[in-house]
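The following note sets out numbered comments on the structure shown below. It is intended to be read alongside the coordinates.

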Amino acid sequence: MQTNQQLPLPIMGCGTWAWGNRLLWGYEQSMDEQLQQVFNLCVENGVTLFDTGDSYGTGRLNGRSEILLGKFSQEYIGKNQANICLATKLAPYPWRLTRGAMVAAGKASAKRLGRIDLVQMHWSTANYFPWQEWQLLDGLAELYEQGLVKGVGLSNYGPKRLKQVYQKFHNRNIPITTLQVQYSLLSTYPVTELGVKEVCDELGIKLIAYSPLALGFLTGKYSEKDNLPTGLRRLVGKQILSGARSLLNCLAAIAQSKNKTMSQVAINWCICKGTIPIPGAKSLQQAQENIGALGWFLDAGEVEELDKAAASVDKAMVQNIFQSN
Ligand SMILES: NC(=O)c1ccc[n+]([C@@H]2O[C@H](COP(=O)([O-])OP(=O)(O)OC[C@H]3O[C@@H](n4cnc5c(N)ncnc54)[C@H](OP(=O)(O)O)[C@@H]3O)[C@@H](O)[C@H]2O)c1
């Protein structure tokens with residue numbers, strides 16, 4: 001069995017929430033084909049960590065995100081094939097209460113994906129039902145011990161809870177490989193306020209930055225005046241865009257000076273902060289652009305400028321309600 005330390009984690013991953021989400025609204029064959037092209041392009045270019053979750057897709061599309069990712073991975077033949085890392089997150093649903101339920105959930109996800117390289121607890125129940133997750137974490141540990149997953153990670157955990165869980169796994173000789181939190185220039189809270197990066201470094205855990213483009217608000221394509229997205233993101237845009245103008249201007253200026261796009265600079269900033277960003281891409285064009293965030297680095301002065309601009313934002317992105325302390 002591949003040990004945790006050997007997990008093939010690249011410096012950038014690709015989130016699949018966009019896949020799951022799109023599939024909620026209407027499934028089309030052509031969309032799957034396009035997503036497969038996105039997958040292939042990413043792997044060819046060395047982006048080999050793919051993140052999904054067993055809660056992505058509801059109703060008749062339940063599990064569809066994992067099924068598609070498994071299919072794409074199995075059908076891919078070519079460069080970097082051996083480095084593909086399939087990560088999924090198991091949700092601590094209120095009806096998932098026992099160790100056995102978590103093991104069953106892991107087996108169901110592994111069947112859809114073909115295999116699991118990294119299994120993650122999707123969120124901590126610390127904020128509303130602190131005792132529930134201990135049984136479920138036992139289930140994650142068992143998946144690892146039975147060799148059904150190659151590594152274990154967490155998601156939306158703050159330093160206090162992370163240390164408790166780390167100790168629990170350490171006692172069973174199981175390493176925690178990764179923690180994923182909402183981290184971007186518009187969501188610095190987990191690092192600047194909670195201090196998760198320091199704790200991760202101390203414990204040897206890699207930090208994954210989810211929503212590194214702040215759901216698209218850092219790409220420069222939205223404006224508070226005349227171009228807001230639709231749906232829930234419209235509300236978020238109305239709340240944050242005007243107060244984020246100086247940050248977006250700073251991002252645009254740095255992007256122009258480096259002959260990069262704003263998305264590329266926003267993703268590269270996450271990399272410079274020592275995290276593994278997993279931007280969601282819904283098209284080949286977006287994937288191609290996001291891949292352009294690799295192979296170069298912002299200089300220290302540019303990172304500092306962006307840090308200052310991020311700190312001056314009026315209203316940051318709302319944090320995930322499940323983010324624990
Ligand atoms: N652990 C958790 O609780 C959690 C929560 C959320 C997400 N995640 C993970 O993180 C991944 C990414 O997060 P996310 O999708 O929420 O946010 P994101 O990466 O910040 O934003 C992705 C969205 O931005 C737009 N976009 C992406 N690249 C673009 C480009 N180059 N140019 C213009 N627009 C672009 C696309 O939406 P449009 O085309 O519609 O604008 C895309 O869906 C997810 O897939 C998931 O795996 C984890």
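1. Helices (H or I, at least four residues) and strands (E, at least two) are DSSP runs numbered from the N terminus. The model is a predicted one, in which local features need pLDDT of at least 70 and side-chain atom pairs count only at pLDDT 80 or more, while totals for chains, interfaces and linings use all residues. Residues are numbered from 1 along each chain as its sequence is written, and side-chain values use heavy atoms, with hydrogens and water left out.

2. The buried residues of helix 6 are Pro-159, Arg-161, Leu-162, Val-165, Tyr-166 and Phe-169. Seen down the helix axis, these buried residues fall within an arc of 155 degrees, so they line one face of helix 6. The arc is taken over the directions from the helix axis to the C-beta atoms. Their cover includes helix 5 (132-145), strand 5 (149-155), strand 6 (176-182) and helix 8 (196-203), where contact means heavy atoms within 4.5 Å.

3. The length of helix 6 (residues 159-171) agrees with expectation, because its 13 residues should span 18 Å at 1.5 Å a residue and its end C-alpha atoms are 18 Å apart. The expected span is 1.5 Å times one less than the number of residues. Just after helix 6, Asn-173 takes a positive phi of about 65 degrees.

**Backbone and loops**

4. Asn-156 also has a positive phi, of about 65 degrees, although it is not a glycine. Asn-156 is placed in the loop between strand 5 and helix 6 and is buried, at a relative accessible area of 2%. Asn-259, likewise not a glycine, has a positive phi of about 60 degrees. Asn-259 lies in the loop between helix 10 (245-258) and helix 11 (262-272) and is exposed, with a relative accessible area of 71%.

5. Ser-283 sits in the loop between strand 8 (276-278) and helix 12 (284-291). Its relative accessibility of 17% means that Ser-283 counts as buried. Residues up to four places away in sequence aside, Ser-283 touches Gln-34 and Val-38.

**Nonpolar cores**

6. Which residues touch the most other members of the largest nonpolar core? Among its 88 residues, they are Leu-140, Leu-179 and Leu-186. A nonpolar core is a set of buried Ala, Val, Leu, Ile, Met, Phe, Trp, Tyr and Cys residues joined through side-chain atoms within 4.5 Å. Beyond four places in sequence, the contacts of Leu-179 include Leu-154, Asn-156, Leu-162, Val-196 and Ile-208. A second, separate core of eight residues includes Cys-85, Ile-208, Ile-276 and Ile-278.

7. Val-103 belongs to helix 4 (residues 99-113) and is buried, with a relative accessible area of 7%. Neighbours within four places in sequence aside, Val-103 is in contact with Gly-139, Glu-142 and Leu-143.

**Aromatic pairs and cysteines**

8. Rings of Phe, Tyr and Trp (its six-membered ring) pair if their centres lie within 6.5 Å; planes under 30 degrees apart count as stacked, over 60 as edge-to-face and the rest as tilted. The count by this rule is eight aromatic pairs. Tyr-93 and Trp-95 are stacked, because their ring centres are 4.5 Å apart and their planes are at 10 degrees. Tyr-93 counts as buried at 18% relative accessibility, whereas Trp-95 is exposed at 63%.

9. Tyr-128 and Phe-322 form a tilted pair, 5.8 Å centre to centre with 55 degrees between the planes. Tyr-128 lies in the loop between strand 4 (116-121) and helix 5, and Phe-322 in the segment after helix 13 (300-311), so the pair ties together parts that are 194 residues apart in sequence. Ring pairs also link Phe-39, Phe-50, Phe-72 and Tyr-76 into a cluster.

10. A search of the whole structure finds zero disulfides, a disulfide being a pair of cysteine sulfur atoms within 2.5 Å. For Cys-270, the nearest cysteine sulfur is that of Cys-272, 9.3 Å away. Cys-270 is buried, with a relative accessible area of 0%, while Cys-272 is partly exposed at 29%.

Technical notes:
Buried means under 20% relative accessible area, exposed over 50%, partly exposed in between (1.4 Å probe, protein chains only).
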